[in-house]
Amino acid sequence: MILSDADYTAISRNGAPYEIFDNPGPYPENVDATDAVNRERQVAEHKGEVKEYEMQLGAMSWARKAIVGAVDDCWLSEVKSPHVGFNHLTPFELLTHLETVGAQLDFIDVTELQAELFAPWDQVEAPTSLFERQDKIEKQLVKAGIPAQA
């Protein structure tokens, strides 16, 4: 849902790709009309398929809303549909779009990040949050091609 097929296959237990369920429809296609027990089994299996499909739709909707809620509107304005909003995109497509619209850090951004990284500790901030913030800054700088400070 939010990983590529190759990434999901690499981390899955049995190496199987993520299965996206198709809509099973309102009623089973081939129902055995001659045997009541068999027909009830087919209907019960179909109800299970419908539940799986609905759960997958709900998970995709939640993930899409979480991504849209966490990101500023300007980053997603290109893909927002005036009629359906973001419902025409999967969460993976939203994340892929966000990865492609991001720009490289310029000199001013790098200078600001380095100034924030080397700013003295104000002792009001907890040490763990200071280290987390500095790790995040270092990751941004490494991503921009600036080597990590030893």
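**Figure legends: overall fold, a helix pair and a pocket**

**Figure 1. Overall dimensions of the predicted model.** The protein has a radius of gyration of 24 Å, whereas a compact globule of 150 residues would have one near 15 Å. Along the principal axes, the C-alpha atoms fill a box of roughly 80 × 40 × 30 Å. The secondary structure consists of 6 helices and 0 strands, giving the pattern α-α-α-α-α-α when read along the sequence.

**Figure 2. Packing of helix 2 against helix 4.** Helix 2 spans residues 36-70 and helix 4 spans residues 91-101. The two pack at an angle of about 25°, and their axes are 9 Å apart. Angles under 35 degrees count as roughly parallel, so helix 2 is roughly parallel to helix 4. Helix 2 contributes M60, A63, R64, I67 and V68 to the contact, and helix 4 contributes P91, L94, L95 and L98. By class, the residues of this contact comprise 8 nonpolar, no polar and 1 charged.

**Figure 3. Lining of the second largest pocket.** The volume of this pocket is about 170 Å³. Its lining is made up of M1, L3, S4, D5, Y8, Y18, I20, M60, T90 and F92. Of these residues, 7 are nonpolar, 2 are polar and 1 is charged.

**Figure 4. M60 in the helix contact and in the pocket lining.** On helix 2, M60 takes part in the contact with helix 4. M60 also lines the second largest pocket, where the other lining residues include T90 and F92.

Technical notes:
Residues numbered from 1 in each chain as written. Predicted model: local features only at pLDDT ≥ 70, side-chain atom pairs only at ≥ 80, totals over all residues. Heavy atoms only, no water. Axes fitted to C-alpha atoms, helices over the stretch in contact; angles between N-to-C directions. Helix = DSSP H or I, 4+ residues; strand = E, 2+ residues; numbered from the N terminus. Parallel < 35°, antiparallel > 145°, perpendicular 65-115°, else oblique. Contact = heavy atoms within 4.5 Å. Nonpolar A, V, L, I, M, F, W, Y, C, P; charged D, E, K, R; others polar. 1 Å grid on protein atoms, 1.4 Å probe; cavity = no way out; pocket = protein on both sides within 12 Å on 5 of 7 lines; lining within 4 Å. Points joined across faces, edges and corners; volume = space filled by probe spheres on them. Rg over C-alpha atoms; globule rule 2.2 N^0.38 Å.
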